[in-house]
Amino acid sequence: MTMTTAPLELTPETIPTVTVPPGPTRGFLKRFRLGRNVLNIVMALIAALWLLPSFSMLVISFRQAGLFEQSGWWNVFVHISQLTLTNYKQLFSGGVGSTVPSGMAAGGALDSVRTSLEITVPATLLVVIVSAMAAYSLVFGRWKGRNTVFLTCVGLMVVPLQVAILPVVQGFHSLGNLTGWNPYGTIEGVVIFHVAFGLPFGIFLMRNFYLGIPKDLIEAGRVDGAGEFTLFRRVVVPIGVAAAASLAIFQFIWTWNDLLVALVILGADPHVPITLFIYGQERTLAANFWIISTGSMVSIIIPLAVFLGFQRYFVRGMLAGAVK
């Protein structure tokens, strides 16, 4: 006699429910997600506080000059009609009172922007070109003493600019006595100073980047009969675009924002950079604060455009030599 068993039918009532307690990983992920949201909020608040002075300066530059002494800049959110382009028109066209020259006249706003470009562009190009050539020689050259020269460049990076500016001025005067050409009081003198102080960092940055280029690539080019300048121009320069762009951003911003070097070396030259133009208006702060805010916004536009134009190379250039 055989017994048959009916098959067990699975229904929602017969399926047991199993409750899995939350593990430590799931709880950690929830806490991590909550902590990340709090961190994002805190960072957003810090960024807002950091940008608040610049934003207030931007709003003041678009308000009428007489409103500065009457109410705060935040009143523009209630009275939108206060916004105007009059400040920029008067700053560029000139003729504002008796303290601000016309736009392209010596000491005017547009003339100051042009003078800043005449100083910054040559200083940036020379630093990038000379640093790239020097770094190529330090990495791929075949001469003794390369490490000593590099350590000297690293040591020069810690020399304060304020300590060296007076000896440089004395050196300019000595050069004038010997050759008849004195760079003091000229734009060329300011460019020479910025190039001299930008080269140590430029050589340091470019050398670290070039160390990542395989030397076998250079040796193969030498075997094929390529000269050093050909190897530098056709092999090394295309590879080092990221480092060169990062160096150009640093040098451009440092030179553009300089005040002390231009103030000391230019002397009585009527053509001054934009930083000296803004500095000259601070002597009558109450009367010309709108000029300071408007000129500051103008001085921000060009370096900001340079940074945005080369930002894709910035991170790669700054990480030069960090990963092997």
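**Pocket and core exercises**

The largest pocket holds about 320 Å³ of space (volume being the space filled by probe spheres set on grid points joined across faces, edges and corners). A pocket here is an open set of points on a 1 Å grid over the protein atoms alone, where a 1.4 Å probe fits, with protein on both sides within 12 Å along at least five of seven lines; lining residues have an atom within 4 Å of a point. This is a predicted model, so local features need pLDDT of at least 70 and side-chain atom pairs pLDDT 80 or more, while totals for linings use all residues. Residues are numbered from 1 along each chain, and side-chain values use heavy atoms, without hydrogens and water.

**Exercise 1.** Work out which residues and elements line the largest pocket.

- Start at the centre: of 16 lining residues, Leu161, His194, Phe197, Gly198 and Trp254 are the closest to it.
- Next, the elements: α6 (187-210) and α9 (241-256) each give two or more residues (helices are DSSP runs of H or I, at least four residues).
- α6 has the largest share, six residues.
- By type, the lining splits into eleven nonpolar, four polar and one charged, with Gly counted as polar.
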